[in-house]
Amino acid sequence: MTKAELIEKVTEKMNSLTLKQTEVVVNLIFDSVKDALAKGEKVEIRGFGSFRIRNRGSREGRNPKTGTSVSVPPKKVPFFKTGKELREIVDS
Amino acid sequence: MTKADIVAQIYEKIGLSKKEASDILEIVLGTIKGTLKEAEIVKIAGFGNFLVRKKGARKGRNPKSGEEIEITPRKVVTFKPSIVFKGLVNR
């Protein structure tokens, strides 16, 4: 399912909003999660899961072309932990 | 941030009623859950992909007793953030 398909399905179920209105809301939902993590906040969505930042330390990498070793700087990555309800739905 | 904060943002920025904002959020989450239940991938451009992976059986250990136990095969949800999302948290 793509975002466009998600928007179509949500519009059908909501039936008080147009496709365009739903699109704006769906974009806002995902943007608000991104913004919160960009600010270093955690997002907890009951029954679904939580998003937070995980820190990856620096490591030694290798230039695949030349084989010389280079140091890869530490970085942050968005991390999703599946909530209990979703975990159970998927594994049933 | 929780669901209530997301509902408040929909209400403030778009002007839907709190009831409508809450309804649409639940429908979005429910639709994603329903899709993952069918083990179908959910691709949200600019955000990331949610996909279901099958994990085989493996041996684990009870960290308290040290006793070895069999971990049963299972299906798990994984999230792969988009390049945009990864870039956003590293600025």
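Predicted model: local features only at pLDDT ≥ 70, side-chain atom pairs only at ≥ 80, totals over all residues.
Modeller: Strands (E, at least two residues) and helices (H or I, at least four) are DSSP runs numbered from the N terminus. Residues are numbered from 1 along each chain as written, chains are lettered from A and ligands numbered from 1 in written order, and hydrogens and water are left out of side-chain values, which use heavy atoms. Local features need pLDDT of at least 70 and side-chain atom pairs count only at 80 or more, while totals for chains, interfaces and linings use all residues.

Biologist: What makes a space a pocket, and what makes it a cavity?

Modeller: On a 1 Å grid over the protein atoms alone, a pocket is an open set of points with protein on both sides within 12 Å along at least five of seven lines, whereas in a cavity a 1.4 Å probe fits but cannot get out; lining residues have an atom within 4 Å of a point. The largest pocket has 19 lining residues, with A:Phe79, A:Phe80, B:Val77, B:Thr78 and B:Phe79 nearest its centre. Its volume is about 530 Å³, the space filled by probe spheres set on points joined across faces, edges and corners.

Biologist: How is the lining of the largest pocket divided by class?

Modeller: It has nine nonpolar, two polar and eight charged residues. Asp, Glu, Lys and Arg count as charged, Ala, Val, Leu, Ile, Met, Phe, Trp, Tyr, Cys and Pro as nonpolar, and the others, Gly among them, as polar. The second largest pocket, of about 230 Å³, has 14 lining residues, and those closest to its centre are A:Glu44, A:Ile45, A:Gly49, A:Ser50 and A:Gly83. That lining divides into two nonpolar, six polar and six charged residues.

Biologist: How many cavities of 30 Å³ or more does the search find, and which residues lie closest to the centre of the largest?

Modeller: A:Ile29, A:Phe30, A:Val33, A:Ile45 and B:Leu29 are the closest of its 13 lining residues. Two or more come from each of α2 (19-38) of chain A and α2 (18-37) of chain B. The class count of this lining is 13 nonpolar, no polar and no charged.

Biologist: Why is the pair A:Glu85 and B:Lys33 called a salt bridge?

Modeller: The rule asks for a side-chain nitrogen of Lys or Arg within 4 Å of a carboxyl oxygen of Asp or Glu. Here the N to O distance is 3.0 Å, so the pair qualifies. The interface of chain B and chain A has one salt bridge.

Biologist: What does the pair B:Lys3 and B:Glu26 tie together?

Modeller: Their closest N and O atoms are 3.0 Å apart, in a salt bridge. B:Lys3 lies in helix α1 (residues 3-14) and B:Glu26 in helix α2 of chain B, so the pair ties together parts 23 residues apart in sequence.

Biologist: How much area is buried between chain B and chain A?

Modeller: About 4,100 Å² is buried, and carbon and sulfur atoms give 74% of it. Of the area that chain B buries, B:Met1, B:Lys33 and B:Val89 supply 17%, more than any other three residues. Buried area is the accessible area (1.4 Å probe) lost by two parts on being put together, summed over both.
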